[in-house]
Amino acid sequence: MRRVNKDQKVRISLTLNGRKVSAETEPRTLLCDFLRHSLAATGTHVGCEHGVCGCCTVQIDGAAVRSCLTLAMQAEGRDVRTVESLAGPDGKLNKLQQAFQNNHALQCGFCTPGILMSFTDFLSRNPKPTEDELREVLSGHICRCTGYAGIMAALKEAVAAD
Ligand code: FES
Ligand code: FES
């Protein structure tokens, strides 16, 4: 970690969804704000801003992290992936996204990017989880709309499709 004065601007360079990007910001800037305000990656949502709701979840070097609990500076030089990385270049939804659509697993969609990024990481490490394991990961995400039944159905469909 670089040492900087709190009033000094820092230049942060990282790989975002496979593309090298760079922008200046304040040392205290959170990763979620850097993604949204400096890099125009607005698919990452910000809710509670203290690590509870999960909607800001992104991946750094493949691991799901709360971007509201991560300084932008901590992502310097690293591989950051957001929900914008999931669909193909032609806009075709990936398997997990398609399962969400099939099962009406979103209403307002505010929670959805974080859930997708958490499970993209989790299912890459554990492609055949139990229902309890799915529920445990989902417990890290708050959805105000769906009652979670559609989300669980989507997750189970995505797991069964492998
Ligand atoms: S906004 Fe990051 S966990 Fe809620
Ligand atoms: S779909 Fe609205 S918060 Fe989850």
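User: What makes this a chain of two domains, and where do their bounds lie?

Analyst: The chain of this predicted model is divided into domain 1, residues 10–84, and domain 2, residues 95–160. The bounds come from an automatic or database domain assignment. The C-alpha centres of the two domains lie 21 Å apart.

User: How do you know that domain 1 and domain 2 are in contact, and how many residues are involved?

Analyst: Two residues are in contact if their C-beta atoms, placed from the backbone, lie within 7 Å. By that rule, 16 residues of domain 1 are in contact with 12 residues of domain 2. On the domain 1 side, β3 (57–60) and β4 (63–66) each supply at least two residues. The largest share of that side, 3 residues, comes from β3.

User: What is the make-up of the side of domain 1 that touches domain 2, in nonpolar, polar and charged residues?

Analyst: The residues of that side divide into 8 nonpolar, 8 polar and no charged. Gly is counted among the polar residues in this division.

User: Which helix lies across β3 and β4?

Analyst: Helix α3 lies across both strands, running at about 35° to β3. This helix covers residues 112–125 and contains Phe119.

User: Why is Phe119 called buried?

Analyst: A residue is buried if 20 or more other C-beta atoms lie within 10 Å of its own. Phe119 has 26 C-beta neighbours inside 10 Å, so Phe119 counts as buried. Leaving out residues up to four places away in sequence, Phe119 touches Leu96, Val137 and Leu155. Gly77 is 42 residues from Phe119 in sequence, and their C-alpha atoms are 24 Å apart in space.

User: How much of the chain counts as buried?

Analyst: Of its 162 residues, 34% count as buried.

User: What is the radius of gyration of the chain, and why does it agree with the value for a compact globule?

Analyst: The globule rule is 2.2 Å times the number of residues to the power 0.38. For 162 residues a compact globule would have a radius of gyration near 15 Å; the chain has 16 Å, so the value agrees. Along its principal axes the C-alpha trace spans about 50 × 30 × 25 Å. Among contacts with a separation of 6 or more, 58% join residues 24 or more positions apart.

User: Which elements does the chain have, and in what order do they run?

Analyst: There are 5 helices and 5 strands. From the N terminus on, the order is β-β-α-β-β-β-α-α-α-α.

User: In what sense do β1 and β5 pair, and over how many bridges?

Analyst: β1 and β5 (residues 79–81) pair in the parallel sense over 2 bridges. Leu16 stands opposite Val80 in β5.

User: Why are β2 and β4 said to stand at the edges of the sheet?

Analyst: The 5 strands form an open sheet of mixed pairing, in the order β2-β1-β5-β3-β4. β2 and β4 each have a single partner strand, so one side of each is left without a neighbour in the sheet. Neighbouring strands are turned by 40° against each other on average, direction ignored.

Technical notes. Residues numbered from 1 in each chain as written. Chains lettered and ligands numbered in written order. Predicted model: local features only at pLDDT ≥ 70, side-chain atom pairs only at ≥ 80, totals over all residues. Helix = DSSP H or I, 4+ residues; strand = E, 2+ residues; numbered from the N terminus. Buried ≥ 20, exposed ≤ 12 C-beta atoms within 10 Å, placed from the backbone. Pairing = 2+ DSSP bridges. Axes fitted to C-alpha atoms, helices over the stretch in contact; angles between N-to-C directions.
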